[in-house]
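Dear colleague,

My notes on it follow directly after.

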Amino acid sequence: MMTNAYPKRLIEVDLPIKKISEHARREKSIRHGHISTLHIWWARRPLAACRAVLCAALWPDPADPLCPREFIITATEQMDRFWNTLDATNYDLSDLTVLRRALLDFIADFANWDNSTDERYLSTARTLTGSAHVALGGQPGTRPLVVDPFAGGGSIPLEALRVGADAFASDLNPVAVLLNKVVLEYIPKYGTELADEVRKWGQWVKEEAEKELAEFYPKDPDGATPIAYLWARTITCENPACGAEVPLMRSLWLAKRKGRSVALKLIPNRDEKRVEFEIVENPKASEVQDGTVARGSATCPICGYTTPVESVRAQLKKRHGGAADARMFCVVTTQHGQQGRSYRLPTEMDLNAARSAADELKRQEIEWSGELSLVPDELLPPVGTLGFRVQQYGIERWGDIFNPRQALSLVCLIRYARKINPSKKDEKFSEAVRSLIALAIDRQADYLTSLVVWANTGEFIAHTFGRQALPIVWEWPECNLWEDGSGNWDGAVGWIVRVIEENIFGNQVHGQIEACSATNHILPDDSVNAFFTDPPYYDAVPYADLSDFFYVWLKRSLSSSAILSGSELTPKKDECIVDPVKNKDKEFFETQMMVSLSEGRRILSPNGIGAVVFAHKSTSGWESQLRAMIKAGWTITASWPIDTERPGRLRAQNSAALASSIHLVCRPRENPDGSLRTEDVGDWGAVLKELPPRIHEWMERLSSENVVGADAIFACLGPALEIYSRYARVEKISGEEVTLGEYLEHVWATVSREALSTIFRDADTEGFEPDARLTAMWLWTLSAGNGDGDGEEAKKSTGYSLEYDTARKIAQGLGAHLDQMPGLVEIKGSEARLLPVRERGAHLFGRGGLSAPQKEKPAGKQLTLGGESVDGAYEAESIRDAATLEFTGETTLDQVHQAMLLFAAGRGDALGRFLREDVGRDPKFAKLAQALSALYPTGSEERRWVDGVLARKKSLGL
Ligand SMILES: C[S@@+](CC[C@H](N)C(=O)[O-])C[C@H]1O[C@@H](n2cnc3c(N)ncnc32)[C@H](O)[C@@H]1O
Ligand SMILES: [Zn+2]
């Protein structure tokens, strides 16, 4: 096999993933000035991770024998100055492995948001990037070119500029292209001047629009100012004898803070066939009624009849979702010079203002002669589109999301935004200012829909796109955009100005931005030094559909922009995702991805480097992505999981939620002239032999970095692929080619076995039956590295779900067959569920069964561990004769579960006997019980039960 005649980059040798992950997680809670606050873009990559990966990919490893001398010299000088002089740390840089460590330590610290604009870091990084580029063959004085063809919100190209590279960003989506334009071109080009001008014109738009709209946002006679109007969609009660108006409300709480709470009370008004409201200050929680909707069905507060969800939908459907004729039920106000918010019922003045706004909108629509409708009438994507759940309620056009006053206000902002005339003569500069004001209108729109939520715990408005989805919202707050509350116009402009100000790094280098599909890149062959991209993750986010929300307003705000293609909606056809509604299946995704990555390889120079980010919780998602990479002619040379989830984020306890995304580092499998290498053939036997030790070593590293569970399983794909993808093809002795699918079956099996031996450290894992191995592995897969659910009350367990295919693959490696374990695993459609212990009673105790109590006891009132009696409802059970129990389970796992159920049911005597006479001295029983105690999620009832069994065993001296 041909060896590569170029030095490894740092990222192909090592990466401080733990520290980078810490910085990436912390960055998610940083708000001011971060580019994510410029505008919504879904699934943005943390800058910390991009920055670190870029540095480590662009800089060679100084300890590599092929590393150019000149880079070693520069790196030594830079690290000596940075650490030994400025920081007073002492690195002996004459040792090249120490020099490597100094560089990696630098990269770890530079990932910190607080250091990202620090001149000491910036100049060091840029010097190293320039030196590496020239040392690796670049022209003196030039910078390496980094390309990202799936640029999204622009994290990767922005970081490329920061670390001293040139950046070329493209995306299929015009909204993403506009965001990149701002971040990579307008901000570096115009800097502070741009910030000042945006602030100034934002203020001008405000003054003009506020004047024009003043009558629709009246102040209270006592001088208080409404900051939000709360509305509820309504239906008519379908009880034939009733027919009252039912306001649809999920909750009646208005404020729910420590020390201050406010709620609504519903007062039936039978004569008028409607409800009236009353505001209650500091109510007892038990006094607050339930809302009127639950799971989409609406219960009438007058007659108690429940109108089913289908009828609720049918009624709203006729009224385009019912935002335009909703019921205003409360007004939130603030009083000048006073803290806090007040709540009052709407007055005739409030209702009139909203009505006249609707009339005014109607008038303007009649007079309107523009090419596009005044309020966007473009269609939402079809019913069934991933994440969209509003069309079935009649929200079919983008304009249906807004109530009339909201639409009127947005339309007014747009009219003034189009009149702004920045002072500088340069047309490009004016376009920049206009673009940023248009983005401010988008930010405003995000807060000004009927799909926002009143966050009663903080008394603020939670914007529309808190998630990558558009679910229906029954009651919502309409903000008064001119006043001092969340979601107002000052905020929209202020956040944007802040992003401009915080992203000026001084070197004035700007990037190049194009709108194009990754499947058809416009750059010439071999013209790029690094290909670093974060493509769509299989079926995770419908970017184009979501972005239409903003696109329809941008079209109206920026009619003459070169960036917006002038098409009705954003392009969908070439978008590289899995989406059944658009007939985009696994094959479509794989082909699109393969073509995109082939394009990436084509434009990259033969000695260039690639990095592709991917995360998915299904094996099928991963297999598609990997197959695309291999078919596209890439060799994987390293892979690094970077954990980006915010600490403390609630992880679903019973489904695999990934915390990390994997950075797959890759090289073109090419000859020095750029042609694809096709002659390297790998021997299947040798490949299989290399796999287990590689996975073993990698698992150890991962667990030392706190990467466990599903994150660790998927993180093993990289090293596995390093072995396989070294070759153009891998062959068996017979000459038959080994497909990636076949190889991956072996990989899954190896990974399961390896993981299992880390779970049962120093135990003979072969000694356990398949059911124990499977259970342990299953629970481990679902476990999260950074602590899950500590300190919660024991929860009733509903089992542990995994995607069927993932579960099957894990099981296979452990010698277990899912479909042969009916008492342990339930398979339903594409999901497999490991049954919770409470559902195993019939399997473990024969016909009579034994069940755990339906409700867990509150903490503190637990069963007495040593004693034989228990309090309350289960006492009757506990004195029943244990002899009536039939123990039907057979394996060690069954025995542990039997003991757990006896404990849960309060069968203290029976448990004691079972431990003393049957299993208490069996080392396998103890080993498994201990392992399970570590694996059941903290706070789960199973964890409590198994710990109870262990404590009981101990108290019996066993
Ligand atoms: C995971 S996002 C990138 C996010 C980005 N790294 C960030 O931090 O904001 C993937 C992007 O791929 C884009 N995309 C999807 N299909 C594409 C195609 N065929 N060509 C170019 N871009 C495409 C989407 O519009 C989306 O912006
Ligand atoms: Zn009724």
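Cys237 is buried, at 3% relative accessible area (buried means under 20%, with a 1.4 Å probe and protein chains only). Cys242 is likewise buried, at 8%.

The model is predicted, so local features need pLDDT of at least 70 and side-chain atom pairs pLDDT 80 or more, while totals for chains, interfaces and linings use all residues. Residues are numbered from 1 along each chain as written, chains are lettered from A and ligands numbered from 1 in written order, and side-chain values use heavy atoms, without hydrogens and water.

The zinc ion (ligand 2) is coordinated at 2.3 Å by the SG atoms of Cys237, Cys242, Cys300 and Cys303; donors are N, O and S atoms within 2.8 Å of the metal (3.2 Å for Na, K and Ca), and water is not among the atoms, so sites may look incomplete. Along the chain, these donors follow the spacing C-x4-C-x57-C-x2-C. The site is tetrahedral, with angles of 103 to 113 degrees among its four donor atoms (all angles must lie between 85 and 135 degrees).

Helices H1 (residues 17-27) and H2 (residues 47-58) have axes that come within 7 Å and cross at roughly 145 degrees. Helices are DSSP runs of H or I with at least four residues; axes are lines fitted to C-alpha atoms over the stretch in contact, with angles from 0 to 180 degrees between N-to-C directions. Ile20, His23, Ala24 and Glu27 of H1 meet Leu47, Ala48, Ala49 and Ala52 of H2, contact being heavy atoms within 4.5 Å.

Kind regards

How values were computed. Helix = DSSP H or I, 4+ residues; strand = E, 2+ residues; numbered from the N terminus. Tetrahedral: all angles 85-135°; square planar, octahedral: opposite > 155°, others 65-115°. Buried < 20%, exposed > 50% of the residue type's maximum accessible area, 1.4 Å probe, protein only.
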